[in-house]
Amino acid sequence: MLAGGKMVLVSALVGRMYYLQVVEAERYRTLADENRINLRLLPPLRGRIIDRFGIPMADNHQNYRLLLIAEDARDVNLTLDALGRIIPIGDGERRRVLRDIGRNRSFVPVTIRENLNWEEVARIEVNTPDLPGIMIDVGQSRFYPYGMDAAHVLGYVAAVSPKETTGDPLLELPGFRIGKAGIEKIHDLALRGSGGSSQVEVNAFGRMIRELSRREGQPGAEVRLTLDLELQRMVGQRLDGESASAVVLDIHSGDVLAMASAPSYDPNAFNTGLSTEEWQAVATNPRGPLTNKAIAGHYAPGSTFKMIVLLAALEKGVISPTAQVFCSGKMELGDAKFHCWRKGGHGLVDAKRGIVESCDVYFYEVARRTGIDRIAAMARKFGLGAPLGLDLPGEGDGLVPTRKWKRKAMNAPWHKGETLITGIGQGYILATPLQLAVMTAKLVNGGVSVTPRVTGDSVGNQIGAVGVADRVESIGVAPQNLKLIRDAMTEVVNSPVGTAFRSRIRESGFAMGGKTGTVQVRRITKAERDEGIRKNKDLPWEQRDHAMFVGFAPVHAPRYAVSVVVEHGGGGSSTAAPIGRDILLEAQRRRSAEPVPLAVNGSDTATRGGQSEKKRG
Amino acid sequence: MSDTTLKPPELSLGEKLWHIHWLFVALLCLTAAVGAAMLYSAAGGSVEPWASRHVVRFAVGLLVLIVVALIDIRLWFRYAYILFALSVVLLAAVEVAGTIGMGARRWIDLGYFTLQPSELVKVAMILALARYFHGASIDDVRRIGFLLVPVALVGAPVALVLRQPDLGTGLMLVMASTALFFAAGVRIWKFVAVGLVALGAMPVAWQFMHEYQKNRVLTFLNPESDPLGAGYHIIQSKIALGSGGMFGKGFLGGTQGHLSFLPEMQTDFIFTMLAEEFGLFGGLALLGLYSLLLIYGFAISMRCRSQFGRLMGIGVTSTFFLYVFINIAMVMGVIPVVGVPLPLISYGGTAMMTLLIGFGLLMSVWVHRDVMIGRRGGDEV
């Protein structure tokens, strides 16, 4: 009986064994493999970002990392002491290293420092015998050779935050970086490539025993931008010191040749990691270095909008090009008075003179006759009021007001006075510098649509191969009207009475046309007006006017369009136009096949200096 | 008293040697050889450090077995109580002079080797109980009073072992003695009654258990609750067993064992390794081998003419069974983790010595199967 009982128990064991080894075998086999096989991800090389001529703007460079393997160091503290005599190690750094060593198994390398320079690497290598357990490892990290110059287009990469994990195991790799802004963000997936993997057999402590198989990853795609690096750098440096932005477009292809926003930031700093104070300084700066003002900044377009108002009127036959309006310096509508920037008035003003001298009263009258909805329709044709579909994150919409919009947004009827204000590009209307550049491009390219882009279509493993033909699509504006506008804009810069005459390009064949704008950011009260308007430079910075300029060049066969906005920069003609001139000159020089004449004959010098300092537009 | 007729003739030493159950010994050797092979694998394909010493120990143990087998069973009968008393004293001595290892005080260091009295007491207790029940009539066994003495005999070493603390050995002593009580003719209802009382006492016992013992029981009840802590052993063991499948991963091919996922694979978890490398068939083969040993053990016991020999044989066989059952059930996650080695396979000298001495006694029972032992140990019937 005893023996029988035991046999029953043995049978129970057999049954259990059968259950584990046959019924559940598959499950446990999988578990055993999961135990022993570790999939190690091999991070792919991030794709480069190059300019239109192939010069790398975002590259990968070798990142020398200093690692400590506790197992190989006889005494971690002694090694750190010895290391401290070669490169200084702070107390906090030391505590972090010791903490990391404590958390990991002794054969796991702990990072002491990243991004060592070559001299440090050399000093450490020479002293290797005295530094048991110290290892220098070479990784790849993102590097922007031109730092701040194209930060807003390129964006930056930084460590993955928990919110950004998508289940892609690459993102969970320690030290992995993803694009957080600009091209780096919008093309992040393509730039990232796909990770390779290496199957390694590990023991229970995680130590690698051998590699079972290896699959190389796919390096990230190369992104070719439409930017011209040299022009981009010039624009970035020209804006330095201001809170400003500028966009340069090829008016036919829509290629963004340069796009800058100032102040800028150093994208390399995000890669290595910012300290809390550094981050605070960047994030709370009132001039917004992190914002790409060229696409996200909203400004009333001011006088740069007058071309649209005039076109709307001409197209609808509301006014003829030769019809004159009398400017006495102000216009009255009901009880309200609307002032021209020139206190004494312009006298009789026709269409061309209205643009050239930027007479406000002329445009009050034109706008009044045209009506807000027709102005808005024309503005939309020229790309205002809606995002343009640029392949960068954070593009602003702008705003083109209509009666309907006001009823919906503010639940209030439209006032006639508001049409007048819109006629000079003030009031509700808002545009981004990119929209202004596109508007300018359409005004001078023969009235065909333009879709701005910083990268083109993808070809093979490259995004944005330049040279793909654009379809030409007319926006349906009469050529003679466009010609009038173009001629007027040419005179703005090249006629002695034009508001930007002082900024004209004297180099022959490079002459530009354009339009200045000065946008009030505060209301001028009647009392102030009576006392005499305070000069801009007497006002606090954030109350000064925005300076705007839109331009194109060369006048005889336009190729480039530019828009410049200098926040609180004062006058459009004094601050923004000279910047626009420098940019357009450089753009033409860059592209010009012929050698550029360095100095021109002094034929224009006689007419120099005939303009008043302040132009309000 | 009187030298009467029916007594079988005394055997000479040579004859005794001849009478040893050599087939049984051969099965033991085979089992130990399996053990050596597994230890070779556990060391990653090396006889060092375990397999070689395992073989040496077995060889020594085999000599001890033969010596024990040749000693006259009446001598064992005569010294049964003395040996038992000695082992209990040693057990008590552990309390005073023992070496602490693995969180418990179990060993006495004797210079050349360490002695684990809790192993000795397993054999000594069988001897003592077998002697006590030898010649007891059915009426005797039915009296509760008669059973008080053997219960005390069991209680003393169990109490000492539990104090060490060694729950596994304590339970083994209780279960082996239960088998002996049963074989001696104690009625089943008495076991049931004791079992119920024990069940009632469990909450009380829980209070006195060590934290690690409580953990083991809790872990057993739900191993997945703490996969990296206390439940790790059982989970990894089940993974190893299960992944072995029908035919295993091949000799030296076990991944769980060789990559250190299996804890204690050369001792308590060696069956897991065997089953991982040789699969269900390997495991069944070993169980078959053990079953053969058990069957022979019971057959030998039953064949013995003296009650002492019979009980001793059953005691040894039952202890052997308990080793096998507890160990295998443990690694398969059927019962909690208790530190019981797999007999003749696991690395470890003390348990092997205990078993081989036990089997020596079994052989002695076989050799002296026809020797009559009087009620009080003499030749009288």
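Good morning, colleagues. Please keep in mind throughout that this is a predicted model.

I begin with the place where the two chains meet. On this interface, 26 residues of chain A are in contact with 33 residues of chain B. Two elements of chain A each give two or more residues to its side: α1, residues 2–23, and α2, residues 25–36. Of these, α1(A) gives the most, with 13 residues. By class, the side of chain A that touches chain B divides into 17 nonpolar, three polar and six charged residues.

Let us now turn to chain B and to two of its helices. Helix α2(B) spans residues 22–42, and helix α13(B) spans residues 270–303. Their axes come within 10 Å and cross at roughly 165°. Because of that angle, α2(B) is roughly antiparallel to α13(B). The crossing itself is left-handed. Which residues make the contact? On α2(B) they include Phe24(B), Leu27(B), Leu30(B) and Val34(B), and on α13(B) they include Ile270(B), Met273(B), Leu289(B) and Tyr296(B). The contact as a whole has 14 nonpolar, two polar and one charged residues.

I come next to the sheet in chain A. Five strands form this open sheet, in the order β12-β11-β21-β20-β19, and the pairing is antiparallel. The edges are held by β12(A), residues 256–262, and β19(A), residues 513–519; each has a single partner strand, so one side of each is left without a neighbour in the sheet. From one strand to the next, the twist averages 5°.

What packs on this sheet? Helix α19(A), residues 433–444, does so, touching β11, β20 and β21 of chain A. The direction of α19(A) makes about 145° with that of β21(A).

Looking at one pair of strands in detail, β11(A), residues 244–250, and β12(A) are joined in the antiparallel sense over six bridges. Within this pair, Val247(A) has Met259(A) of β12(A) as its bridge partner.

Finally, I would draw attention to a single residue, Arg544(A). It lies in the loop between α21 and β20 of chain A.

Thank you for your attention.

Terms used. Residues are numbered from 1 along each chain as its sequence is written. Chains are lettered from A and ligands numbered from 1 in the order in which they are written. This is a predicted model: local features need pLDDT of at least 70, side-chain atom pairs count only at pLDDT 80 or more; totals for chains, interfaces and linings use all residues. Axes are lines fitted to C-alpha atoms, for helices over the stretch in contact, and angles run from 0 to 180 degrees between N-to-C directions. Helices (H or I, at least four residues) and strands (E, at least two) are DSSP runs, numbered from the N terminus. Angles under 35 degrees count as roughly parallel, over 145 as roughly antiparallel, 65 to 115 as roughly perpendicular and the rest as oblique. A crossing is left-handed if the near helix is turned anticlockwise from the far one by less than a right angle, and right-handed if clockwise. Two residues are in contact if their C-beta atoms, placed from the backbone, lie within 7 Å. Ala, Val, Leu, Ile, Met, Phe, Trp, Tyr, Cys and Pro count as nonpolar, Asp, Glu, Lys and Arg as charged, and the others, Gly among them, as polar. Two strands pair if DSSP finds at least two bridges between them.
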